[in-house]
Amino acid sequence: MENIYSNIDPIYPCPNMWQGRDGHAIKAVVIHKPEGEMPGVKDYLMNPETQKSYHFIISYDGTITQLVNPDNSAWHCGGPEGATWPGLIPDVNPNYYTIGISLEGFAAQPHTERQFPYFRWLAFFPQTPETIGYHHDIRADKACPGLILNKAAVIACVERLVEAGNYVGWPAEGAAK
Ligand SMILES: [Zn+2]
């Protein structure tokens, strides 16, 4: 796929990832909350001992921080446990075929208006429950990203963006309003 994500600058070379995607295509986005705030979250994930990463973190103010190139597999899902997500591919680690996006903050608090640009990523996929995963749907033991993010509302918002034609590309400045 076209690497639209390379418009975002800077890219931090997070060590917690696999090179490539083991032959799998990107087919979905998985949304997270990191249970923390920037820049501490970024510093935490840049530590190789944590063994965790996301491709992107969207800060409260809408700033996009890229930790892993989408051509590579970030370590954001973990192996499925009690999974209910219809997008799951049996016996394949979801990290291989998903983009991990984390919204700065905590599962128990709502996201901010400025964090809405992540919908633009979602809009690059057909808008179905199969292409929008929540971490909790893959790992039932995780609260992430919190019940505050209603999937039906997310899909409806993406559909409105698509209808408005407002879904192609990413603004050159990196963060939309
Ligand atoms: Zn998560």
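Modeller: The account below goes from the sheet to its inner strands, then to the core and to the loops.

The model is a predicted one, in which local features need pLDDT of at least 70 and side-chain atom pairs count only at pLDDT 80 or more, while totals for chains, interfaces and linings use all residues. Residue numbers start from 1 along each chain as its sequence is written.

Helices and strands are DSSP runs numbered from the N terminus (helices: H or I, at least four residues; strands: E, at least two). Two strands are said to pair if DSSP finds at least two bridges between them. On these terms, 5 strands form an open sheet in the order 4-3-6-2-7, and the pairing is mixed. Strand 4 (64-66) and strand 7 are the edge strands; each has a single partner strand, so one side of each is left without a neighbour in the sheet. On average, neighbouring strands of this sheet are turned by 25° against each other, direction ignored. The axes behind such angles are lines fitted to C-alpha atoms, for helices over the stretch in contact, and angles run from 0 to 180 degrees between N-to-C directions.

The pairings may now be taken one by one. Strand 2 (28-32) pairs with strand 6 (98-103) in the parallel sense over 5 bridges. Within strand 6, Ile101 stands opposite Ile31, and Ser102 stands opposite His32. Strand 2 also pairs with strand 7 (132-134), again in the parallel sense, over 3 bridges. There, Tyr134 is the bridge partner of Ile31. Strand 3 (56-58) runs parallel to strand 6, and 3 bridges join them; Ile58 stands opposite Leu103 of strand 6.

Burial is counted from C-beta atoms placed from the backbone: a residue is buried if 20 or more others lie within 10 Å of its own, exposed if 12 or fewer, and partly exposed in between. By this count 5 of the 5 residues of strand 2 are buried, so the strand is largely enclosed by the rest of the structure. Both of its faces are covered, with Ala28, Val30 and His32 on one side and Val29 and Ile31 on the other. Strand 6 is mostly covered, 6 of its 6 residues being buried. Thr98, Gly100 and Ser102 point one way from strand 6, whereas Ile99, Ile101 and Leu103 point the other way.

A nonpolar core is a set of buried Ala, Val, Leu, Ile, Met, Phe, Trp, Tyr and Cys residues joined through C-beta atoms within 7 Å. The largest such core has 25 residues, of which Val29, Tyr54 and Ile101 touch the most other members. Strand 2, helix 1, strand 3, strand 6 and strand 7 each supply at least two of its residues. Strand 2 gives the most, with 4 residues.

The loops about these elements hold several backbone features. Most residues other than glycine have a negative phi, and most peptide bonds are trans. Asp22, in the loop between strand 1 (17-18) and strand 2, has a positive phi of about 55° although it is not a glycine. Asp22 counts as exposed, with 12 C-beta neighbours inside 10 Å.

The loop between helix 1 and strand 3 contains Gln51 and Asn47. Gln51 is not a glycine, yet has a positive phi of about 60°; with 11 C-beta neighbours inside 10 Å, Gln51 counts as exposed. Asn47 is likewise exposed, with 12 such neighbours. Asn47 and Cys14 are 8.0 Å apart in space, C-alpha to C-alpha, and 33 residues apart in sequence.
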